[in-house]
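Let's take a walk through a protein model together. Keep the structure open beside you and look up each spot as it comes along.

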Amino acid sequence: MSEISVAIIGGTGVYNQSLLDNEKQVTVETKYGAVSMQSGKYDGRRVYFLARHGGNHSVPPHKVNYKANIAALKKVGAHAVLATAAVGTLRREMPPGSIVVIDQFIDLTKQRPLTFYDGEESPVVHTDFSEPYCKEIREAVFGAGETLGQGLVDGGCYVCTEGPRFETPAEIRMIEQWGGDLVGMTNVPEVVLAREAGLCYAALALPTNYAAGISLSPLTHEEVLEEMDRGKAALDNLLAAFISTVKPQHSCSCKDAGKYWPGES
Ligand code: HPA
């Protein structure tokens with residue numbers, strides 16, 4: 001069997017992966033643009049680590065080249081993709097410092113390319129999102145958490161706002177009424193494009209603050225980074241255990257969704 005390869009997309013506060021052996025920076029060319037990522041080995045497996053905002057956090061959420069990132073992970077043949085995303089939380093049972101394996105999303109973005117299937121070089125395709133995140137990747141995360149004795153929150157609805165500003169308290173009240181649990185700025189269109197490309201993808205939401213109006217103080221990016229730093233060791237352990245144990249073959253239907261994917265393979 002070919003080498004097992006696992007991809008990690010690191011969000012805010014997760015800019016490199018120090019656990020990799022023989023680590024080097026590689027550039028993957030795609031028809032949507034070039035993508036730079038770390039490639040290395042961990043526990044005998046090939047690992048690709050892609051910093052969503054760039055290594056120095058220079059790319060804001062609405063300017064991330066999500067299509068190129070997903071096309072690059074497809075091109076390198078990732079068997080499993082796990083993303084991290086800093087979020088604001090609306091729920092006491094998902095406090096700052098917890099790790100939420102999200103299972104639903106609501107899209108409140110406004111001006112991002114949302115699909116690979118824009119009718120130009122592909123048929124019109126309406127992809128099923130009844131189960132938005134790969135159930136096998138989610139299970140592998142829970143398995144990794146169990147090995148470590150690390151508690152994870154099973155399920156949460158991530159609401160993706162356009163950013164880069166934080167939300168208003170009125171927006172958070174609306175999101176609360178809609179059943180949203182967490183707010184962030186990057187999981188859409190990433191999750192959508194991953195499914196459209198037929199990749200097995202899941203995401204860890206990392207609450208760093210209570211959302212606007214729930215938090216008693218103004219929100220700052222520094223506060224987000226500080227909280228991410230506090231949780232870094234636990235997150236690194238979880239990612240390492242995930243990389244070591246995730247299965248390369250999945251019985252889910254994610255790959256079927258990529259049947260008409262128009263990018264290079
Ligand atoms: N809102 C949106 N994105 C975020 C937040 C937030 O409160 N915290 C971290 N990322």
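Predicted model: local features only at pLDDT ≥ 70, side-chain atom pairs only at ≥ 80, totals over all residues.

Helix 1 (residues 66–75) and helix 4 (residues 187–196) have axes that come within 9 Å and cross at roughly 35°. Those two values are a handy pair to look for, since two packed helices are described by the angle between their axes and the distance between the axes. The crossing of helix 1 past helix 4 is right-handed.

Which residues actually meet here? On the helix 1 side they are Tyr 66, Lys 67 and Ile 70, and on the helix 4 side they are Pro 189, Glu 190, Leu 193 and Ala 194. Sort the residues of this contact by type and you get 5 nonpolar, no polar and 2 charged.

## Helix 1 from the inside

Is helix 1 mostly buried or exposed? Of its 10 residues, 8 are buried, so helix 1 is largely enclosed by the rest of the structure. The buried ones are Tyr 66, Lys 67, Ala 68, Asn 69, Ile 70, Ala 71, Ala 72 and Leu 73.

And what surrounds them? The buried residues of helix 1 pack against strand 1 (5–10), strand 2, strand 3, strand 4, strand 5 (80–89) and helix 4. Just after helix 1 comes Gly 77, with a positive phi of about 80°.

Now for the greasy parts. The largest nonpolar core has 42 residues, and those with the most contacts inside it are Met 37, Ile 70, Leu 73, Val 81, Ile 102 and Tyr 201. Helix 1 gives the most to this core, with 6 residues. Another core, of 34 residues, lies apart from it; among its members are Val 14, Val 47, Cys 134 and Leu 239.

Leaving out residues up to four places away in sequence, Leu 73 touches Ala 7, Ile 9, Met 37, Leu 50, Ala 78, Val 81 and Leu 199.

## A buried threonine

Thr 208 sits in strand 11 (residues 201–210). Why does Thr 208 count as buried? Its relative accessibility is 4%, and the cut-off for buried is under 20%.

Who are its contacts? The side chain of Thr 208 makes a polar contact of 2.7 Å with the side chain of Asn 209. Skipping residues up to four places away in sequence, Thr 208 also touches Ala 86, Val 87, Pro 96, Val 224, Glu 227 and Met 228.

Two cis peptide bonds are worth a stop. One joins Gly 163 and Pro 164, with omega about -5°; Pro 164 lies in the loop between strand 9 (157–161) and helix 3 (169–178). Another joins Val 188 and Pro 189, with omega about 15°.

Next, look at phi. Asn 22 in strand 2 (residues 21–30) has a positive phi near 50°, although Asn 22 is not a glycine. Asp 43, another residue other than glycine, also has a positive phi near 50°, and Asp 43 lies in the loop between strand 3 (33–42) and strand 4 (45–51). Are these residues buried or exposed? Asn 22 counts as exposed because its relative accessibility is 67%, and Asp 43 is exposed too, with a relative accessible area of 53%.

Notes. Residues numbered from 1 in each chain as written. Heavy atoms only, no water. Axes fitted to C-alpha atoms, helices over the stretch in contact; angles between N-to-C directions. Helix = DSSP H or I, 4+ residues; strand = E, 2+ residues; numbered from the N terminus. Left-handed = near helix turned anticlockwise from the far one by under 90°. Contact = heavy atoms within 4.5 Å. Nonpolar A, V, L, I, M, F, W, Y, C, P; charged D, E, K, R; others polar. Buried < 20%, exposed > 50% of the residue type's maximum accessible area, 1.4 Å probe, protein only. Polar contact = N/O pair within 3.5 Å; in protein donor to acceptor, adjacent residues only side chain to side chain. Core = buried A, V, L, I, M, F, W, Y, C linked by side-chain atoms within 4.5 Å.
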